[in-house]
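Have the structure open as you read.

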Amino acid sequence: QLQLVESGGGSVQAGGSLTLSCAASRYIPSGYCMGWFRRSPGKEREGVARIYRSGGTTAYADSVKGRFTFSQDDNGTTFNLQMDGLIPEDSAMYYCAAAMRCPGVGRIGKSGEYNFWGRGNQVTVAS
């Protein structure tokens with residue numbers, strides 16, 4: 001069973017940066033996609049970004065495009081979400097997820113398309 005563990009969250013002032021990391025318990029095969037989702041109180045979980053293991057192509061939500069960058073290490077076990085220019089609206093619990101079958105080109109995909117999930121890591125942005 002694949003396990004995912006998020007780290008790197010915390011509190012930051014608006015305009016600041018944080019890097020979230022997702023550590024996988026085993027090598028993630030090239031056919032998988034990795035995703036980041038977030039949920040704020042009173043809101044539904046939303047897809048933030050995803051990366052295709054093979055080739056590293058990415059997709060982002062419009063709300064984070066140009067501010068967040070999703071990357072992967074060469075070993076296929078660590079996936080980072082660099083978050084710059086944070087705003088209070090980015091405050092949420094962030095979840096790492098893995099999909100055995102990638103969503104379509106340019107799509108982050110819905111949460112139901114992802115098979116494995118981490119427990120989440122809190123990000124709080126103060127105004």
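**Rings and charges**

Tryptophan 117 is partly exposed, with a relative accessible area of 26%. Keep in mind that this is a predicted model. The structure holds 4 aromatic pairs, and Phe37, Tyr114 and Trp117 come together as one aromatic cluster.

**Phenylalanine 37 with tyrosine 114**
- These two rings make an edge-to-face pair, 5.0 Å centre to centre with 80° between the planes.
- The pair ties together distant parts of the chain, 77 residues apart: phenylalanine 37 is in strand β4 (residues 33-39), while tyrosine 114 is in the loop between β9 (92-99) and β10 (116-117).
- Phenylalanine 37 counts as buried because its relative accessible area is 1%, under the 20% cut-off.
- Tyrosine 114 is buried too, at a relative accessible area of 5%.

**Phenylalanine 37 with tryptophan 117**
- Phenylalanine 37 also pairs with tryptophan 117, and this pair is tilted: 5.0 Å centre to centre, with 55° between the planes.
- Here again distant parts of the chain are linked, with phenylalanine 37 in strand β4 and tryptophan 117 in strand β10, 80 residues apart.

**Arginine 45 over the rings**
- The charged end of arginine 45 sits over the ring of tryptophan 117, at 4.2 Å from its centre.
- Arginine 45 also lies over the face of tyrosine 95, this time 5.7 Å from the ring centre.

Methods: Residues numbered from 1 in each chain as written. Predicted model: local features only at pLDDT ≥ 70, side-chain atom pairs only at ≥ 80, totals over all residues. Heavy atoms only, no water. Phe/Tyr/Trp six-rings, centres within 6.5 Å; stacked < 30°, edge-to-face > 60°. Helix = DSSP H or I, 4+ residues; strand = E, 2+ residues; numbered from the N terminus. Buried < 20%, exposed > 50% of the residue type's maximum accessible area, 1.4 Å probe, protein only. Lys NZ or Arg CZ within 6 Å of the ring centre and 35° of its normal.
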